[in-house]
Amino acid sequence: MNKIKVLKKVNMFCSICGEEHELDLCEELDETIIKKEKVNYICHYYRCNKYKNENTFMTEDMWNESLINSLDSYRIEKDLLTSKEIKKIRNKYKLSQAELAFLMGLGEITITRYETKQIQENSNDSLLKEINNNAIFTLKLLENNKNKFSSKRFEEISENIKNIIDSETISYLKQEEIKAKYVKYDKKSLENGNCILNIEKLSNVLGYITKTMKSVKKVVLMKLLWFIDAYSFKEYGKAITGLVYEHRIYGALPIAYDELLELPSINYEIKISDDEKYEYKIFANKDYKVVGLSKQEKEIINKVINKFKNFKSHEIAEYMHEERAYKETKSDQIITFDLTKDLREF
Ligand SMILES: [Zn+2]
């Protein structure tokens, strides 16, 4: 039996008995079959209490909403974009339904159908996800389909897409670069500290460090990451970020160290120092909300920050040079996490 919830009583025309009176506005988790799959979805309807059976009816809006809810339940199961997500992509680029369809090289009403009554084909789902993530790709699509737009609209849309490239796409592409550089480390091992790189987790760790420390030099930040992972591995047998570190002059340096500075949780400034070296000062992105770190992970990060918060770049490098993990590895070699078992106590 499905659970029916009465949301409220409303006075209105009843389609069951043909007069105006008080009706129950009900909500129910219903079940249907879509493409041979059973899905649950929320629907709303009115109930006339003058009758025991056949006493409910839906308005047209309720029908449409139920249909969208059931399609979206299926989409969530299949990891497809929901109708709301498709609409959100369209709104981000400030496109009408027809314009998004033209941009994708599809018929005029395709997107309208996806937003109201039809599940998108897998190929168009992938295309929409790429459009969402990669505005450079979107700009290319627009140029390929230029003849479908007036020159005024073409310029406006082009401008909107360029703004999105500026604000989001560079970070997305850097994340893809990080993923590419870690493609070999897709299994738990001593190289990644029994932890497969999770970019979102890494972004949150960086956000947490920079929110706690206000600002931090690049060399110090890279060392902090290693000490955090090394300490976590030593104590709990598992690193936190999944980064893989190499033996470099200043100590441990994670693979894709430059790209990780582009993650959305942090910002940085570059200055040229007196001895003509680039100095990176990294700080928190105030708009980024740090989430998903456990109490234990925060304790480890805090412990490492407390130990090193007043260390200058060369001091933390010198400290690292005394670690067995550093002494027992050669230049450019990966520092495996088994070497952290002799990590000095903080
Ligand atoms: Zn009635």
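Analyst: The donor residues of the zinc ion follow the spacing C-x2-C-x3-H-x26-C in sequence. Cys17 sits in the loop between β1 (4–13) and β2 (20–34) and Cys48 in the loop between β3 (37–47) and β4 (56–57), so the pair ties together parts that are 31 residues apart in sequence. Helices (H or I, at least four residues) and strands (E, at least two) are DSSP runs, numbered from the N terminus. This is a predicted model, in which local features need pLDDT of at least 70, side-chain atom pairs count only at pLDDT 80 or more, and totals for chains, interfaces and linings use all residues. Residues are numbered from 1 along each chain as its sequence is written, and side-chain values use heavy atoms, with hydrogens and water left out.

User: Which atoms coordinate the zinc ion?

Analyst: Donors are N, O and S atoms within 2.8 Å of the metal (3.2 Å for Na, K and Ca); water is not among the atoms, so sites may look incomplete. Here they are Cys14 (SG), Cys17 (SG), His21 (NE2) and Cys48 (SG), at 2.1 to 2.3 Å.

User: What arrangement do the four donor atoms make?

Analyst: Ideal angles are 109.5 degrees for four tetrahedral donors. Four donors count as tetrahedral if all angles lie between 85 and 135 degrees. Around the zinc ion the angles are 97 to 124°, so the arrangement is tetrahedral.

User: Which residues of α2 and α5 meet?

Analyst: Contact means heavy atoms within 4.5 Å. Ile86, Ile89 and Lys92 of α2 meet Leu128, Ile131 and Asn132 of α5.

Technical notes:
Four donors count as tetrahedral if all angles lie between 85 and 135 degrees; four count as square planar and six as octahedral if opposite donors are over 155 degrees apart and all others between 65 and 115; anything else is irregular.
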